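Please look through the sequence and the model below before reading on. The paragraphs after it are meant to be read with both in view.

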Amino acid sequence: MGRALVAWMREQKFRNVQVRYKQRGQNLRETVDITYTREGSPLRHLMRVQLARRSKTEWETTDTELHGQWAGVQWLFGTDSMLANWQMDRQGHAIRIQCRPSGITRVVEVGVQFPDAPVEWVPQSRCRMTAQGIQAPALAVTPTGLVRRGREARPSVSPPVQTPTPSPAPSPTGVGPVPSGGPRSPAPTPDQFRAGDDRRATALVVSLLDRRPDRG
């Protein structure tokens, strides 16, 4: 796994790539550390593969210490580390890594763990290291970081501007509004004008009478 990660980083033109192993007990390696620099920068970054199991408190303490020592820290979790869930809670996903037997050798595979889906394993060659972290096919690079593919932020579409419909003009006859479009009604006759005037005059007289205290 260490050799595969070093070769993968060098293929992507990262510089000063080195691997370091931390042994735990006689058979189990606890961590695999890959250190590297980016082109044009002397700052050193760390990619840590956590293989052994640790408590959440131990992992959080270690994570804080590593971020204080390195310009950037990327976590990968082995199949037995039991820590991927905490990373997933923190950033929405966790990067897993495993070795799968293939003939007389083993193939390194990378998977992305989401809260609501099984891990989909892909060959390490289908992934790449970005400034935001390790990008697998299930992740998309956005200006704010890596997100689940298919859930990238989409530009908001402004609703069409609604032009207010002008209120229909009152009919000269007082019978109803004048249509603003479509077939026009025939022009009112003089009798219709007079009828409208009579109705308005009657309404005004009734209103004035209602206001008098001595009506009736």
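What follows goes from the nonpolar cores to one helix, a strand pair, the salt bridges and the cysteines.

The model is predicted, and local features are therefore described where pLDDT is at least 70, side-chain atom pairs count only at pLDDT 80 or more, and totals for chains, interfaces and linings use all residues. Residues are numbered from 1 along each chain as its sequence is written, and side-chain values use heavy atoms, with hydrogens and water left out.

A nonpolar core is taken here as a set of buried Ala, Val, Leu, Ile, Met, Phe, Trp, Tyr and Cys residues joined through side-chain atoms within 4.5 Å. Buried stands for under 20% relative accessible area, exposed for over 50%, and partly exposed for values in between, with a 1.4 Å probe and protein chains only. The largest such core has 26 residues, of which Trp8, Met9, Ile34, Met47, Met129 and Ile134 touch the most other members. At least two residues of this core come from each of helix H1 (2-11), strand E2 (28-37), strand E3 (44-50), E5 and E6. Helices (H or I, at least four residues) and strands (E, at least two) are DSSP runs, numbered from the N terminus. Another core, of 11 residues, lies apart from the largest one, and among its members are Trp59, Trp75, Ala84 and Met88.

Leaving aside neighbours within four places in sequence, Met129 is in contact with Trp8, Met9, Gln12, Phe14, Tyr36, Met47, Gln74 and Ile134. Gln74, one of these partners, belongs to strand E4 and is buried, with a relative accessible area of 17%. With the sequence neighbours within four places again set aside, the contacts of Gln74 are Tyr36, Leu46, Met47, Arg48, Met129, Gln132, Gly133 and Ile134. Val49 is found in strand E3 and counts as buried because its relative accessibility is 0%. Not counting residues up to four places away in sequence, Val49 touches Met1, Leu5, Glu30, Thr31, Val32, Leu76 and Ile97. Val49 and Ser81 are 32 residues apart along the chain, and their C-alpha atoms are separated by 9.5 Å.

Which residues of helix H3 (residues 84-91) are buried? They include Ala84, Gln87 and Met88, and, seen down the axis of H3, the buried residues fall within an arc of 105°, so they line one face of the helix. The arc is that of the directions from the helix axis to the C-beta atoms. An α-helix has 3.6 residues a turn, so residues three or four places apart point the same way. The buried residues of H3 pack against helix H2 (56-69), strand E4 (73-77), strand E5 (94-102) and strand E6 (105-114). After H3 comes Gly92, whose phi is positive, near 95°.

E6 also takes part in a strand pair, a term that requires DSSP to find at least two bridges between two strands. E6 and strand E7 (residues 117-123) pair in the antiparallel sense over 5 bridges, and a hairpin of 2 residues joins E6 to E7. Within this arrangement, Val112 stands opposite Glu120 in E7.

Salt bridges are counted where a side-chain nitrogen of Lys or Arg is within 4 Å of a carboxyl oxygen of Asp or Glu, and by this rule there are 9. Arg100 and Glu109 meet in one of them, at 2.7 Å from N to O; Arg100 is partly exposed at 37% relative accessibility, whereas Glu109 is buried, with a relative accessible area of 9%. Glu30 forms a salt bridge with Lys22, the closest N and O atoms being 3.8 Å apart. Here Glu30 is buried at 10%, while Lys22 counts as partly exposed at 47%. Lys56 and Glu60 meet at 3.9 Å, N to O, and, being 4 residues apart in helix H2, they are separated by about one helical turn. Lys56 is partly exposed at 35%, and Glu60 is partly exposed at 33%. Arg20, Asp33 and Arg48 are linked in a network of salt bridges.

How many disulfides does a search of the whole structure find? With a disulfide taken as a pair of cysteine sulfur atoms within 2.5 Å, the search finds 0. Cys99 counts as partly exposed at 23% relative accessibility, whereas Cys127 is buried at 5%.

Notes. Contact = heavy atoms within 4.5 Å.
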